[in-house]
Amino acid sequence: MSVKLKMTRKMTKISDGKPIVAVIGAGSWGTALARLLSEKGIETRLWGHRHDHLQRILAHHENKQYLPGFLLPKNLRVCATIKEAIATATVICIVVPSHVYRETFHKILDQLIPGNVRLPIFVSATKGIENESLQTMNQVMQECLESRQIRAYTAILSGPSFAREVAAKVPTAITIGSTDERVAKELQELFSTDYFRVYTSHDVIGLEISAALKNIIAIAAGICDGLAFGSNARAALITRGLAEMTRLGKALGAEEKTFYGLSGLGDLVLTCTGALSRNRHVGLELGKGKSIDQILKNMSMVAEGVKTTKSVYRLVRRLRIEMPILEQVYQIIYEGKDCATAVKDLLDRDLKQE
Ligand SMILES: NC(=O)C1=CN([C@@H]2O[C@H](COP(=O)(O)OP(=O)(O)OC[C@H]3O[C@@H](n4cnc5c(N)ncnc54)[C@H](O)[C@@H]3O)[C@@H](O)[C@H]2O)C=CC1
Ligand SMILES: O=C(CO)COP(=O)(O)O
């Protein structure tokens, strides 16, 4: 049951008191972020949707399914309910796959206490575009908040950051985006460590569109590698992929420079070349001739680019934007097109100016 709340946002300053963070989503990224925060000494709770999975995390002090090999600090509280996780939280970081984001966010809002003096800041670390609404996660949050007449700050975290590498504490740079500069700065402080460098940005839509679209180009790059095309093809895909990402981003109100930043070029290079990318893995297997159903059946982790391809295909039709790589990835995944034919069709297009 949803509670109708009429709350005006009090000017929360998370640095006023001790921050308390609820991480909603116990996959690889949620677990890595919760581990980073709790190791920093910040009171952190981690919620996941499967009880048996949480029980195993508690028993082993490790998320063996999604982040194996990294012990979790004793001060990280693993919570069985969203209610327990978000109680008194000053920041709620949502890290569930995009197709369950809206329902999860509603569950969080259901648990907010009416008249709460302090509303938490909601941070999305999810990369994707919803199939039904074609909205980004920040847009989903805004719509859900508005439907309940709640005014709260939202932010998004995006950039080249494989969970395993963050857990291994190798140098990583990432961006926190919020239209409110003060919120961005407070979250920058909250997440930064000596190996995790956080930049700020006000271009929330640019960060979200680049983060979602790089997953599609990573699938394309994987296909190229699966077809054993080599370095020339990969470099061309990354460059022309960035051009497509920027074209759609600008049409949706994003700033061009965001696409040359960490969330754009940075994450694009990471996922198009990194062996840890699940989206690239999907492409690799497609390129080797496996069907999308076979590939997804063998994966327990999420490859957001698969669903986002469908959303972007519909967006592009609606906005009449040219995105040839996206079109081919869509046809391969959703229409069963052969990868080699898709590459041929890409190369056979009219010649044009760069
Ligand atoms: N893994 C990574 O390196 C990074 C992931 N991301 C993004 O973070 C988001 C989450 O991905 P990962 O943590 O990698 O996931 P994952 O693939 O490691 O695990 C999937 C997670 O989704 C949860 N889940 C599935 N159905 C659910 C439901 N109905 N309700 C609630 N939770 C549900 C699973 O329990 C599990 O925690 C994605 O949008 C991804 O693109 C962003 C940056 C880095
Ligand atoms: O977004 C990511 C790293 O920044 C993770 O990419 P994959 O989802 O392709 O593994």
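The model is predicted, so local features are kept only at pLDDT of at least 70 and side-chain atom pairs only at pLDDT 80 or more, while totals for chains, interfaces and linings use all residues. Residues are numbered from 1 along each chain as its sequence is written, and chains are lettered from A and ligands numbered from 1 in the order in which they are written.

Let us start with the overall layout. Across the boundary, 27 residues of domain 1 are in contact with 26 residues of domain 2, where contact means C-beta atoms, placed from the backbone, within 7 Å. On the domain 1 side, helix 5 (137–147), strand 6 (154–158), strand 7 (172–177) and strand 8 (196–201) each supply at least two residues. Helices (H or I, at least four residues) and strands (E, at least two) are DSSP runs, numbered from the N terminus. Strand 7 contributes the most to this side, with four residues.

Now to the ligands. Ligand 1 is surrounded by 26 residues, and the closest are G27, S28, W29, A163 and M301; a residue belongs to such a shell if its C-beta atom, placed from the backbone, lies within 6 Å of the molecule. Helix 1 (residues 28–39) gives the most to this shell, three residues. Because domain 1 and domain 2 both give residues to the shell, ligand 1 lies between them.

Ligand 2 has 13 residues around it, with S161, T271, S277, R278 and N279 coming nearest. Domain 1 and domain 2 each provide at least three residues of its shell. Helix 8 (204–226), helix 10 (262–273) and helix 11 (278–287) each supply at least two, and helix 10 has the largest share, three residues.

Finally, have a look at the backbone of two loop residues. Most residues other than glycine have a negative phi. A228, however, has a positive phi near 60°, and its place is in the loop between helix 8 and helix 9 (231–251). R320 likewise has a positive phi, of about 55°, and is found in the loop between helix 13 (304–319) and helix 14 (324–335). A228 is exposed, with 9 other C-beta atoms within 10 Å, and R320 counts as exposed with 7 C-beta neighbours inside 10 Å. On this scale a residue is buried if 20 or more other C-beta atoms, placed from the backbone, lie within 10 Å of its own, exposed if 12 or fewer, and partly exposed in between.

Key
Domains from an automatic or database assignment. Contact = placed C-beta atoms within 7 Å.
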